[in-house]
Structure formats: structure tokens, C-alpha cells
Amino acid sequence: MTEKKRFLITEEPISTEDVIQKVIRRECGAVTTFMGTVREFTQGKQTIRLEYHAYKSMAEKMLAEIDKEVSNKWPGVTTAITHRVGTLEITETAVVIAVSSPHRKAAYEANEYIIERIKQIVPIWKKEYWEDGTTWVGDQLEKVPYPEGAPQKGAHHG
Amino acid sequence: MVKVLLFARLQEEAGTDSLTVPQSDMSVAELKQWLEKEYGLTSLSNTMTAINENYTDDSALLSEGDTVALIPPVSGG
């Protein structure tokens, strides 16, 4: 059953092909895929590995929420999103987003929109393990204020 | 009674992933103040809040049995 869920948080390595298969339909003429992978160097600083944590039930719910936003903005697209949690090594895949659409433009645009929204509203956290310590990303220096205590509502791409 | 879920940095600060608050007669803002005092949690003004898995704001009032998640700035992807 888990294989069929279009919005999934998993501790297992992600099969990109499995995510793609969830959006393949006879109506679609385009499928775009985005893979987020673990980068070794960030501004010259070396990452040893990453650890992702999630509020799993709510995270899957927010992924479905993003799908709703996408359907409103690009009617006719189908999306599937899998995000991995746990410990990931350099080059491993953290997230796969697949979008199918009758025509390519919507598939490209919707896919980019989804990753931006994941970074805004989906309760998943990344902990960087450096050579000399650890950092919870998104939290250092308190650069991201949420004065209202809640994230902004959808559609920042206009 | 209200259940509070903690994640990421907050989980490490508190040394636990969940807390139980005996009373529910308060707002999210009041709960945050109480947690800062009782558990020494910091930067809660910078933290999003969800009640029963729905994002809400600091003025929201809690109800008996609610599950409140304190959500530091997210960093998925």
C-alpha cells in the first residue's frame, strides 16, 4: 500500500522510477522529475552527512496541501512527492518530485513551485554534520522570522 | 491537558520529543511563554505552531486534548 501513496515520507532509499510511475497517465505528454541530493560542499564548508527529521503525519498532509495548490494553478497536472528521513550520505537522494502534464510547460513550472513550497511549509528539518560540529539548517542565526507564528499562504510565484 | 510536540533544535533543548501541559486554558502565545519559563526553550517567537496538524497563529486558543506542535523554521528538500 505504501508504494501507492503519492505523498510519502520514508526512511528507505527513494526509487525515482517508483515516484515517476505514480504520475504516468495516458493524458500526459510530459513528466518532469526533480531530485534533491546531498551536497558535499556548501560555500567551501564540507558536509560529512545529513540527518533529516520530519513530523511525518503532518508533513505528508502538507505535501497533499501543496498538490492542491498546484492543481489550482496548473489544472490537469498530477504530482507525486517522496521525501526521505534519517541519515543520508553525500550524493544520496533526499527528495524526488514527479509531475506529469499534457504539455511540458506546466510540468516544469509546477515542479519548481513544489520544491519552493516544501522549503516553506512542510515540517521537515535537516541537520548538517560538519567536521567540527552540527547545525540544524533553517535555524541558525534565526534568519527566517515567522512574526505571525504561521507560514504565508501559497502562491508566491504569482 | 495539552500534548506538545517538539522537533529539531527544540527537541534537543528540552531533551524530549513531547511534553504534557496540565492545563489547556490558554493561547498559543501563553503556552510559548510558559514553555520558555518551565523548560528553558529559546526562540519560540521564531517558531511556527500547528494545532492538530494545522498551522495556526499565536492568538489561537487551545482546547482540552489538543496536540500542539512547535515547528522551528523548516529545511526540507
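## The contact between the chains

Two residues are in contact when heavy atoms of each lie within 4.5 Å. On that basis, the contact between the two chains draws 29 residues from chain B and 34 residues from chain A. The model is predicted.

The size of an interface is often given as the accessible area lost when the parts come together. For chain B and chain A, the buried area is about 2600 Å². Carbon and sulfur atoms give 54% of that area.

## Bridges and polar pairs

How many salt bridges does the rule find across the interface of chain B and chain A? It finds 1. The partners are Lys127(A) and Glu12(B). Their closest N and O atoms are 2.5 Å apart. Polar contacts also cross the interface of chain B and chain A: the rule finds 13 residue pairs, with both residues at pLDDT 80 or more.

Which elements of chain B supply at least two residues each to the side that touches chain A? They are α1 (8–14), β3 (48–51), β4 (54–56) and β5 (67–71). Helix α1(B) gives the most, with 4 residues. By residue type, the side of chain B that touches chain A divides into 11 nonpolar, 13 polar and 5 charged.

## Chain B as a whole

Chain B has 2 helices and 5 strands. Along the sequence, these follow the pattern β-α-β-α-β-β-β. The radius of gyration of chain B is 11 Å, close to the 11 Å that the globule rule gives for 77 residues, so chain B is as compact as a globular protein of that length.

The C-alpha trace of chain B spans about 35 × 25 × 20 Å along its principal axes. Of its 77 residues, 55% count as buried. Now take the contacts in chain B with a separation of 6 or more. Residues 24 or more positions apart account for 50% of them.

Ala8(B) lies in helix α1 of chain B. Its phi is near 50°, a positive value in a residue other than glycine. Is Ala8(B) buried or exposed? Its relative accessibility is 2%, so Ala8(B) counts as buried.

Ser43(B) is not a glycine either, yet its phi is positive, at about 60°. Ser43(B) sits in the loop between α2 (28–39) and β3 of chain B. Its relative accessible area is 18%. The cut-off for buried is under 20%, so Ser43(B) is buried.

## Chain A as a whole

Chain A has 3 helices and 9 strands. Its pattern along the sequence is β-α-β-β-β-α-β-β-β-α-β-β. Buried residues make up 47% of the 158 residues in chain A. Among contacts in chain A between residues at least 6 apart in sequence, 76% join residues at least 24 apart.

## Two residues of strand β5 in chain A

Strand β5 of chain A covers residues 78–84, and Thr79(A) is in it. Thr79(A) has 0% relative accessibility, so it counts as buried. Its side chain makes a polar contact of 2.7 Å with the side chain of Asp67(A). Beyond its neighbours within four places in sequence, Thr79(A) is in contact with several residues, including Arg6(A), Phe7(A), Val23(A) and Ile114(A).

Arg84(A) also lies in strand β5 of chain A. Where does its side chain find a polar contact? The partner is the side chain of Glu92(A), at 3.1 Å. Arg84(A) has a relative accessible area of 9%, so it is buried. Leaving aside neighbours within four places in sequence, its contacts include Thr10(A), Pro13(A), Tyr52(A), Glu92(A) and Ala94(A).

## A buried loop residue in chain A

Val38(A) lies in the loop between β2 (30–37) and β3 (41–42) of chain A. Its relative accessible area is 4%, so Val38(A) is buried. What does Val38(A) touch, not counting residues up to four places away in sequence? The residues are Leu50(A), Leu88(A), Glu89(A), Ile90(A), Thr91(A) and Glu92(A). Val38(A) and Val95(A) are 57 residues apart along the chain, and their C-alpha atoms are separated by 9.8 Å.

Conventions:
Residues numbered from 1 in each chain as written. Chains lettered and ligands numbered in written order. Predicted model: local features only at pLDDT ≥ 70, side-chain atom pairs only at ≥ 80, totals over all residues. Heavy atoms only, no water. Buried area = accessible area lost by both parts, 1.4 Å probe. Salt bridge = Lys/Arg side-chain N within 4 Å of Asp/Glu carboxyl O. Polar contact = N/O pair within 3.5 Å; in protein donor to acceptor, adjacent residues only side chain to side chain. Nonpolar A, V, L, I, M, F, W, Y, C, P; charged D, E, K, R; others polar. Rg over C-alpha atoms; globule rule 2.2 N^0.38 Å. Buried < 20%, exposed > 50% of the residue type's maximum accessible area, 1.4 Å probe, protein only.
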